[in-house]
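Let's take a walk through this model together. Have the sequence and the 3D view at hand, and follow along one stop at a time.

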Amino acid sequence: MASRLPRSDSGEMAIDWSYRIESARTAANGGISNSRRRSSGCRGRFGGTRPYFVCPGVVNGIVCSRWVTKLYGAGRYFLCRHCYRLAYASQREDRYDRALRRANKIRTRLGGEPGAASVFPARPKGMHHRTHEALRSAVLNAEIQAEERLTHLLARLQRGDRRDGRRSTGRPRREFWT
């Protein structure tokens, strides 16, 4: 038996829902309850409807009211990623991480294992030799770039270890017992 969703005055699908969060900090105050979150359905490109939530967040005194497909429980309330200032993992990557992700993606697309330590997969049946060689060189270039970064980071760590034994003037530090 399927339940029908109530329709709003404009004929759109709407859901009212509420939740309650209790923790050790909020239990003394009776918990946090929030209600009247409404979601509406909009037409999809290929027919049907897709549920959207109206974000109830208030940031710096401004009500968000964005129509979003996901609400995140990163704090006390369920808000959109813009209100919580959440970023996707790919937005935090630098160019070396992007190069490694691209190389791993090519490896898995060819049927191999991700990671520079694994063997590069053989050419799949039906793939042109030129295409396979181009993908292989792209992976090799990305892994060389990542290895250069690793070498640079290790050199910085070694320099940092040497600098720990010096004062700010550049003279070696005298040991306590000498």
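Start at Arg85, which sits in the loop between β6 and α1, the helix that runs over residues 95-109. Keep in mind that you're looking at a predicted model. Arg85 isn't a glycine, yet its phi is positive, near 55 degrees. Is Arg85 buried or exposed? Its relative accessibility is 76%, and anything over 50% counts as exposed, so Arg85 is exposed.

Ser65 is another non-glycine residue with a positive phi, about 55 degrees. Its relative accessibility is 40%, so Ser65 counts as partly exposed.

Next, head forward to α1. This helix has 15 residues and spans 21 Å from its first C-alpha to its last, close to the 21 Å expected at 1.5 Å a residue. Which residues of α1 are buried? They are Ala99, Ala103, Ile106 and Arg107. These four cover an arc of only 100 degrees around the axis, so they sit on the same side of α1. Turn to the other side of the helix and you'll find Lys105 and Arg109, both exposed. After α1 comes Gly111, with a positive phi near 95 degrees.

What do the buried residues pack with? In soluble globular proteins, nonpolar side chains tend to be buried together. Here, the largest nonpolar core holds nine residues: Ala99, Ala103, Ile106, Leu110, Phe120, Met127, Leu135, Val139 and Ala142. Two elements, α1 and α2 (129-164), each give two or more residues to this core. For a closer look, pick Val139: leaving aside residues up to four places away in sequence, Val139 touches Ala103, Ile106, Arg107 and Phe120.

Finally, a word on confidence. The chain has a mean pLDDT of 76, and 65% of its residues reach 70 or more. Over residues 1-5, though, the pLDDT is below 50, and this stretch has three contacts in the model beyond near neighbours in sequence.

How values were computed
Residues are numbered from 1 along each chain as its sequence is written. This is a predicted model: local features need pLDDT of at least 70, side-chain atom pairs count only at pLDDT 80 or more; totals for chains, interfaces and linings use all residues. Side-chain values use heavy atoms; hydrogens and water are left out. Buried means under 20% relative accessible area, exposed over 50%, partly exposed in between (1.4 Å probe, protein chains only). The expected span of a helix is 1.5 Å times one less than its number of residues. The arc is that of the directions from the helix axis to the C-beta atoms. pLDDT is the predictor's confidence in each residue, from 0 to 100. Contact means heavy atoms within 4.5 Å. A nonpolar core is a set of buried Ala, Val, Leu, Ile, Met, Phe, Trp, Tyr and Cys residues joined through side-chain atoms within 4.5 Å.
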